Amino acid sequence: MSVTDSPAARLQALFEGRRLTPTQRRIAHSMVRRAPDVPFLSSVELAELAGVSQPSVTRFAVALGFDGYPALRKHLREVVPAEPAADATSYNEYQQAVEAEIENLRHLAEVLADPRPVRKAGRLLAASRPLPVLGLRAAAAQAHGFAYFAAKVHPDVRLLNEGGTLLQDRIDAAVRAGATALMCFALPRHPREVLDALAYAKEAGLAVVTVADSAFAPVAKASDVLLPAPVGTGLAFDTACAPMLLGRVLLEAMCDHLPEAQARLEEFDATAAARGLFVD
């Protein structure tokens, strides 16, 4: 089975174009993350997995056009054939978190089997001068890392990692300076001010490229290009290896549309060597 025909990809196709409520998006997100297991889950088990009520699962199945959850599960067993996931009870809680993150990276690989969205995003980001990069709260670290590396190849990167009343002012300043796109990292829990900032950016004429934890994240409607990368939830605090890696992939795609990128990197290396910046 190819990555473009994987259980997760087939589930994603089932949900695309549907108008789902926030609760239904949560169920869909949980199903995509556990795609190999879903055809074997009862409605009660799926409800527990998604953190919703059992009737919500039934209403979700009806919203997808099925008579109820049994009909949906029967359909899934036909279109998403898979064996139950291997027993992980031998792992301790820390190993289970690592295994879950590995599975998140596999899911990201499936998403990247179609490179067109990433290439489109890279083209939009490379063309924006300046390039504002937004990330608040849990996503601030992702935005900071992206902006740090992007500044080595892009002539004008502006990090927006603090909320408050100045955020819209900084978006306005970027637009006045010629910005045409905004890069956003949006991770749970999703701050309301990120949604407000993206809506404001759209009204100002910016194309919005977003890395989010799910295609069903609240920021989806405000994004021109949404690139999903799941987070790990097995520890007290979410882990974000997949969003970080997707950010690096976006940097690579952006470099493909910046003819001066290689020259800038070589210039930095020469300057760093002259300054003795690194010890290796």
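Guide: Gladly. A crossover is right-handed if, with the strands pointing away from the viewer, the path from the first strand over the helix to the second runs clockwise. Please keep in mind that this is a predicted model.

Visitor: Which elements make a right-handed β-α-β unit here?

Guide: The unit is built from β1, α8 and β2. Its strands, β1 and β2 (residues 157–160), are parallel partners.

Visitor: What makes β1 and β2 a pair?

Guide: Two strands pair if there are at least two bridges between them. β1 and β2 share four bridges, so they qualify as a pair. Within this pairing, L134 sits opposite L160 of β2.

Visitor: How many bridges join β1 to β3?

Guide: Two bridges link these parallel strands. The cut-off is at least two, so β1 and β3 also count as paired. V133 has M183 as its bridge partner in β3.

Visitor: Which way do the residues of β1 point?

Guide: L131 and V133 point one way, P132 and L134 the other, and all are buried.

Visitor: Which residues have the most contacts inside the largest nonpolar core?

Guide: They are V133, F146, M183, F185, L227, L250 and M254, in a core of 31 residues. At least two residues of this core come from each of α7, β1, α8, β3, β4 (207–212), β5 (225–228) and α11 (241–255). The biggest contribution, six residues, is that of α11. Another core, of 26 residues, lies apart from it, with F15, L20, A47 and L72 among its members.

Visitor: What does L250 touch, not counting residues up to four places away in sequence?

Guide: L250 touches V118, A121, G122, F146, M183, V211 and L227.

Visitor: Why is S43 called buried?

Guide: Buried means under 20% relative accessible area, and S43 has 13%, so the label applies. S43 belongs to helix α3 (residues 43–50). Leaving aside neighbours within four places in sequence, S43 is in contact with Q54, V57 and Y69.

Visitor: What makes the link between the side chains of S43 and Q54 a polar contact?

Guide: The distance is 3.0 Å, and the cut-off is a pair of N or O atoms within 3.5 Å. The pair therefore passes on distance.

Visitor: Why is R137 called exposed?

Guide: Exposed means over 50%, and R137 has a relative accessible area of 67%, so it passes. R137 lies in the loop between β1 and α8 (140–150). Its phi is positive, about 55°, although R137 is not a glycine. For background, most residues other than glycine have a negative phi, and most peptide bonds are trans.

Note on methods. Residues numbered from 1 in each chain as written. Predicted model: local features only at pLDDT ≥ 70, side-chain atom pairs only at ≥ 80, totals over all residues. Heavy atoms only, no water. Buried < 20%, exposed > 50% of the residue type's maximum accessible area, 1.4 Å probe, protein only. Polar contact = N/O pair within 3.5 Å; in protein donor to acceptor, adjacent residues only side chain to side chain. Contact = heavy atoms within 4.5 Å. Core = buried A, V, L, I, M, F, W, Y, C linked by side-chain atoms within 4.5 Å.
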